[in-house]
Structure formats: C-alpha cells, structure tokens
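Let's take a walk through this one together, a piece at a time. Have the sequence and the 3D view open as you read.

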Amino acid sequence: MPVAANMEFFIDPNRCIGCQSCVAACSECDTHRGTSMIHLQYVDRPISVQTVPVICMHCDSPTCAEVCPADAIKRTGDGVVQTARKPRCIACNNCVLACPFGVPKMQAEFSLMMKCDMCYDRTSVGLKPMCASVCPSGALYFGTREQIEGERPRSESINKFQFGAQTITTKVNMMVPKDSGTQHLDVLSAMDDEPAGRSGVLDSVFDDM
Amino acid sequence: MAGITVVRMEGVTVGWADGVTVERAAGVTVAGRAASRWKGRQGLAFGRVGRERIVGVGWGVLFTAILAALIVGGSRNLQHFDAALVGYTFAVLFATFAITYRYSMWLQRPPTRVYWRRGWQVFFSPKYILRNIANWFRRVTADFALNRFIFKRSTSRGLAHALIMWGCILAFAITFPLVFGWIHFETVPGDVESYTTFVFGFPTQSFEIHSLVAFLVFHGLVWSSFLVIAGVMLAMRRRMRDHGAAALQRFAEDFLPLILLFAISITGLLLTASYTWMQGYGYDFLALLHAITVIFTLLYMPFGKFFHIFQRPAQLGVSFYKDVAAAEGMAKCRRCGVEYAPLLQINDLIEVERELGYRYETSAPGVEHYQRICPSCRRTMLGLAQGMVWGRIGSTGQHEAHSTVNR
C-alpha cells in the first residue's frame, strides 16, 4: 500500500533540541531494526548546542539512485526513495558521497548501504514514521498540510534546495518563515556561517577565559 | 569548466578519452535526464539509447553464438546431445542472450561503466597486482563461497542464502554439462558393471555403477534439492514473519524466485521418487512439469531477482577500486578540511554526475563542485542555511530569530 498522498513530512531543524529521541526511535523501525538511519548532526559541538536531525529528503530525482552502479536504489510510485536492495548493493559508497543532504549510511560489515525509507513499514499502513512520532519539539513532523499550517501560522514549507547550479526538489518539506519570499533553500549560503550560540552566550564565555 | 579530467596514479594512468568527454564536447545536453530517467528514460536522446541497444544485442548474439558453438562442438556434432533435453537447451540459449543483453545495457550506464573500467584498471595496476591477487582469493572465499557478509546481517539470512546458492551451483554444475552433451557416460567395453565418464567427448575416469561414488553422483540433483528446499524454507519463513520484509517485499521480485526454486526441487524429487519407488508412475507428466518449472525459471532469470547472480560479482571490482583509490590519496573537505573519501572516487563521481545531467558546480570560493564538501558538512550546512533564513527575518524584526515559539 502506498503512503497516503495527503500525509507529508515537514522538518524544522531550528526546533531540534538534540534529545536523540528520533535516533532511538528510528532504530526500532522494522525495516532496519537495531540501526538508526537518522544523523543527529552537531553543527559545531565544542561551541554550540545546535543540532540538525537529518532524515532522507526523498528527492524527486534522487542523485543517490542515479549514481548507483548496481541499480540498487529504487523510488516507489509514492515518491519514497527506498533503501538499497540487499541483493544488489555492492557497497561502493557512491550514494553516500553523492547525496546532497549527506543521508545514506554505509554499513561496511554487511557490505550494504542503508538509509531512511520514511519508515515504509509504518507509513505504508497509515502510521507516522518512528522519528516524527516521538520528536518532542516538532522538528520532525508528519501530518497533513492543513494540520501544520494550523499549528505553525508563522511558517510555511518549501521543498526546493539549491546546491550550486543544481536545484533539488524533495518529497520532504522544510519549514521557513511565512511570507519571507523564500522559494528555495540555498544550502551553500551557509558555507561560512557559524552555528547559533557562537556569536551569543558561549562567545562571551570564551572571551572571559 | 574543464572538459576533460585526467587522473594520473602511479602505475595507473586513467584517462577520460571516452564517451563521456566526446559526448559533452559534441554538445549533447542531458539536462533533465536525471528526472526523466524515472519516467521511463523518456529524456534520453534516442540515438544514444539506440546505440546502447545495438551494442547490447551484439554482445547477446556473440555470447549466444559462442555457447551454441560449444554445445555443438562439446557434444561432438550433437552426437551425444540428448534430444529429450532440447527444450532446456533453447531456454538456456535464450537466457544467455537476454542476460548478456541486460548486462551490457547495465554496463553502459555512466556509473557502472566507470566502475567497470576502473575496476579492471586498478586490478591490473603493476603496483598493486600482487596485493590484489591475494585479496581476490580472500574475498572470493569469504564473500562468495562463505557468504560472510550475509551471515553478519543475520544467521538465518546467511544460512538461507548459502543453502540456496550451493544447491543451485551444484545443480547447475550437474545439469548444464549434461544438457549440452558435454558429459555423457558409456559402459566400459567388456564390463557392464562400470561406466566411463566422457567430458567433451574425451574419456576420463571409470567407476562401478553400484558403488557409493555412483550413488552419490547419480543422485547429485537430489542432494542439491535438499539444500535448496531447506534454504527456501528459511527464506520463506523470514518473509512471512518479518514485519520489515513484509513492508517492502513484492510477489514478482521476492516470492516468485522462492516459489520457482521450490517447484523445481519438488518436481525433480518426484521424478526420483517415481522411478525409484513407484515403477515410473506418472513419469512422463512429472518430467514435463519439471521441464516447465526449469524452463520458466531460465526465462525469468534475466529479468528478476536472479540477475543478481551476474551483477553481484561487481562487488569484487569495487573492493579493489576502493583499496587502490584510498591508497592513492584522500580528498579533503573544502569546508572542514577533514579527509572524507578517496580523491579518485570523488573525481569519478563528479564526472558521472555531469554525464547524468546534474549540475552541482558552484561559485562558492574554493568549492568548484558541491561534491568537494563532505557529507557531514552538507548536513551541517542544511541546518545552518535554514537558521540563516529565520535569522534574516529576525533581524528585520518580523520574527524572533531561532525562536521556536508559535511558528
């Protein structure tokens, strides 16, 4: 059964409090039991508490699948980019290196790439993905567009990301300020940016040291 | 943008004077191809697809012709060819054509082509060949013969695969030479109790027909069916009980191969049961049923899950590529400066992405291509970029930056 069309994934990394609930819940997903597919990214751990929960964005044109020499990554009709097919994946690491969001994980001992498949065992039967069902701050949210618009009146979602000259459209949405005119998120704009906190509280602490 | 990337490694000179650069130089635009590939490759230029297909058909015809010639030659002008098995032979010939065709089409995909070429280049690189040969034996034993990487996923998976794999290898090793007339048995002149085995028409060893060796050899397919049935049972059990498998499995891709292997094994065993204990009861029908299951499987082989038998050995080439590429130097992330991947692989990937129609070239200082940034920094920048958007709004007073309240 496909994932219901009206149920969408919305991520809002700025809300992440780094609690690791999503990481723990993810490893309980039946399709990759015991291994978490979520990267809870510490932006700059020594100086900031800022974290980014990174799940698969499920690109419309998945670079990971295109660069796979073994045709191991398939995108289902409902737009979910599945994890590597076990008989096919030859553990070359191309997908890990090509994904613009840095999502796939190489499980070297299994000779197998594994990635978030939006908890296909759950979402395909009408349940929320594990991570979204436990996230206490709403950084990972799974629901209808109407629901999130009602709950976050000052936000809107986008699903276009710019990486240099390449625009990537995704099934997963990211929350940005409403009416800010943000059509897409230019990821490289953050090339020289520093995490929240560096110019704030912690900097003054460092200055005193 | 540099049109040609030439990577020189000590002992291996790797050039790009191939279809990649030629096509770009000729101005073939593949923008949008990546997206259209998912819609039945509509975006591909017909000429290219046509050429790929012609190459595929060419290889298919060549391999099929070689096999046909070997069948005629190996059976001494069909002298030892068993006409009752002609259906199997034609099914194998068709499967050979289709598998070669698909393999050729697969090898022509940009990422596969790069790995195929690079895999051979690095394997025969004089600097690494001795190490490669040693690793080849180690990997063939550990990965292919023992399926160690599958056992690591779970014991039942490993056991299921090993049983099915060895059962099938044994069955193929017995039936193909018999079907092709490459092996036949003749009684030893003057000794009706002994057989001589002829391979490609040449006599080899003789053995007594009532010996243990003869019993084991003539029941080879029985032993292989025991292995396959046990493996299929284990695999089927997992597919029926595992929730994760239940979510992803599909009939044609996952159940059909198991059903086919089971059908072949059972109908084959029934043949043995019929002539051993039932005076050949229903033998003709069973023989036909068995032939149907085998021929259907042979015809299915190029299209479904069984194609991994031919695809999977590419894992070996990839492992040598990764070894050598890592030994030749690592790429450093242009953002954090950490070594994150072999430089050769990053360079290759950039070429592959360009050929696929992706445009990850950037104008950011010091980062000519997004691929030069490590996956960890990509994740970091995703969060930072979102924070910047909120921060911009915050600085204009519309919203409070980094606040999660009421937004």
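Helices (H or I, at least four residues) and strands (E, at least two) are DSSP runs, numbered from the N terminus. Keep in mind that this is a predicted model, where local features need pLDDT of at least 70, side-chain atom pairs count only at pLDDT 80 or more, and totals for chains, interfaces and linings use all residues. Residues are numbered from 1 along each chain as its sequence is written, chains are lettered from A and ligands numbered from 1 in the order in which they are written, and side-chain values use heavy atoms, with hydrogens and water left out.

Start in chain B. Helix H4 (residues 86-107) packs against helix H13 (residues 283-300) at an angle of about 10°, and their axes lie 9 Å apart. The contact (heavy atoms within 4.5 Å) involves Tyr88(B) and Phe94(B), among others, from H4(B), and residues including His290(B) and Leu298(B) from H13(B).

Now hop over to chain A, where five strands make an open sheet with mixed pairing, in the order E6-E1-E8-E7-E9. Strands E6 (140-143) and E9 (185-186) of chain A sit at the edges with a single partner strand each, so one side of each has no neighbour in the sheet. Two strands pair if DSSP finds at least two bridges between them. E7(A) (residues 155-163) and E8(A) (residues 166-177) run antiparallel, joined by eight bridges; one of the bridge pairs is Gln162(A) with Thr167(A). These two strands form a hairpin with two residues between them, and Gly164(A) in the turn has a positive phi of about 65°. E8(A) is mostly covered, with nine of its twelve residues buried (under 20% relative accessible area; exposed is over 50%, partly exposed in between, with a 1.4 Å probe and protein chains only).

How values were computed. Axes are lines fitted to C-alpha atoms, for helices over the stretch in contact, and angles run from 0 to 180 degrees between N-to-C directions.
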